[in-house]
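The topics are grouped below.

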Amino acid sequence: MAADRDGRGGSGRTCFVLGASGATGGVLLRELLARRLFSRVTLIGRRRLSLGEEASGVTVEQAVVDFERLGEHAAAFQGHDVGFCCLGTTRAKAGADGFVRVDRDYVAQAAELALAGGCKHFVLESSRGANPKSRFLYLRVKGEVENLVQALGFDRCTILRPAVLLCKRQESRPAEWMAQRFLGAVAWLFPTAHTVPVETVVRAMVASVLQPGKGKVEVLENEAIHQLGKAAPQQGA
């Protein structure tokens with residue numbers, strides 16, 4: 001099936017996903033495959049992922065790249081209408097320098113390659129409180145990468161700033177698990193204040209692609225993510 005390079009139509013469009021092995025990226029991949037919104041989905045990451053029967057009916061390509069030499073993998077970013085970026089790590093896992101390299105440098109370079117490859121709409125998962133002037137490393141880096149991506153000049157750029165994600169991670173993060181347990185209870189009283197289910201974030205990401213944009217750059221804060229994600233169709237709809 002030929003890809004619709006000018007972004008019109010639905011089944012002829014193509015996309016790539018960065019970070020498909022992570023908490024958000026894994027749910028996003030399942031959503032994209034279940035709803036068959038794109039004729040081709042390319043997963044760009046350090047390693048190949050095992051895909052089951054859920055991939056039937058959609059062409060899924062996997063590009064294994066070395067993020068330290070990402071410029072050598074420009075071909076992986078060629079010919080996509082939409083780019084979804086869920087790439088990220090933690091300071092505890094990668095150290096301060098590693099966190100900056102992954103969450104800012106890798107993401108910014110990937111966005112540059114995507115734009116050069118013809119990507120029209122870049123969808124970035126960031127964080128609530130992102131601010132390039134923050135004294136907290138995490139929020140500062142998120143703010144810096146937001147600015148870098150926006151400055152590239154995509155036809156459309158959607159930035160999502162979720163609060164604490166309610167999800168199940170493959171890796172163990174005890175402190176985050178405890179926070180999720182506490183905030184999960186808080187969410188019953190204040191559902192959009194401090195948390196958001198990862199499934200809601202994913203549906204908001206997909207919905208942002210399907211509906212007309214509100215300008216070249218759109219920033220969705222946590223409450224807007226809840227609203228857009230809950231309004232979006234469920235898997236299989």
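Ring pairs join Phe-16, Phe-77, Phe-122 and Phe-154 into a cluster. The model is predicted, with a mean pLDDT of 86 for the protein and 81% of its residues at 70 or more.

**Aromatic pairs**

- The structure contains six aromatic pairs.
- One of them joins Phe-16 and Phe-122, with 6.5 Å centre to centre and 50° between the planes, a tilted arrangement.
- This pair links distant parts of the chain, since Phe-16 sits in strand β1 and Phe-122 in strand β5, 106 residues apart.
- Both Phe-16 and Phe-122 are buried.
- The rings of Phe-122 and Phe-154 have centres 5.1 Å apart and planes at 15°, so this pair counts as stacked; the cut-off for stacking is under 30 degrees.
- Phe-154 lies in the loop between α3 and β6, 32 residues from Phe-122 of strand β5, and this pair too links distant parts of the chain.
- Relative accessible area is 0% for Phe-122 and 2% for Phe-154, and a residue is buried if the value is under 20%.

**Nonpolar cores**

- The largest nonpolar core has 35 residues, and Leu-28, Phe-38 and Phe-84 have the most contacts inside it.
- At least two residues of this core come from each of β1 (14-18), α1 (23-35), β2 (40-45), β4 (82-85), α5 (198-210) and α6 (222-231).
- The element that gives the most is α5, with eight residues.
- Beyond four places in sequence, Phe-84 touches Cys-15, Phe-16, Val-17, Leu-18, Leu-28, Leu-32, Phe-38, Val-123, Met-205 and Val-209.
- In soluble globular proteins, nonpolar side chains tend to be buried together.

**Phe-67**

- Phe-67 belongs to the loop between β3 (59-64) and β4.
- Its relative accessibility is 3%, so Phe-67 counts as buried.
- Neighbours within four places in sequence aside, Phe-67 is in contact with Leu-18, Ile-44, Gly-45, Arg-46, Leu-87, Tyr-106 and Gln-109.
- Between Phe-67 and Asp-105 there are 9.5 Å from C-alpha to C-alpha, and the two are 38 residues apart in sequence.

**Helix α3**

- Helix α3 (residues 137-151) has 15 residues and should span 21 Å at 1.5 Å a residue; its end C-alpha atoms are 21 Å apart, which agrees.
- The expected span uses one less than the number of residues.
- The buried residues in α3 are Leu-137, Val-141, Lys-142, Gly-143, Val-145, Glu-146 and Val-149.
- These buried residues pack against α2 (91-116), β5 (121-125) and β6 (156-160).
- An α-helix has 3.6 residues a turn, so residues three or four places apart point the same way.

**Cysteines**

- How many disulfides does the count give? The count comes to zero, with a cut-off of 2.5 Å between cysteine sulfur atoms.
- For Cys-15, the closest cysteine sulfur is that of Cys-119, 9.4 Å away and therefore too far for a bond.
- Cys-15 has a relative accessibility of 0% and so counts as buried.
- For Cys-157, the closest cysteine sulfur is also in Cys-119, at 9.6 Å, which is too far for a bond.
- Cys-157 counts as buried because its relative accessibility is 3%.

**Arg-36**

- Arg-36 is in the loop between α1 and β2.
- The phi of Arg-36 is near 55°, a positive value in a residue other than glycine.
- With 49% relative accessibility, Arg-36 counts as partly exposed; exposed would need over 50%.

**Confidence**

- Over residues 1-10 pLDDT stays under 50, and the model has 21 contacts beyond four places in sequence for these residues.
- Where pLDDT is low, the predicted coordinates should not be read in detail.

Note on methods:
Residues are numbered from 1 along each chain as its sequence is written. This is a predicted model: local features need pLDDT of at least 70, side-chain atom pairs count only at pLDDT 80 or more; totals for chains, interfaces and linings use all residues. Side-chain values use heavy atoms; hydrogens and water are left out. A nonpolar core is a set of buried Ala, Val, Leu, Ile, Met, Phe, Trp, Tyr and Cys residues joined through side-chain atoms within 4.5 Å. Buried means under 20% relative accessible area, exposed over 50%, partly exposed in between (1.4 Å probe, protein chains only). Helices (H or I, at least four residues) and strands (E, at least two) are DSSP runs, numbered from the N terminus. Contact means heavy atoms within 4.5 Å. Rings of Phe, Tyr and Trp (its six-membered ring) pair if their centres lie within 6.5 Å; planes under 30 degrees apart count as stacked, over 60 as edge-to-face and the rest as tilted. pLDDT is the predictor's confidence in each residue, from 0 to 100.
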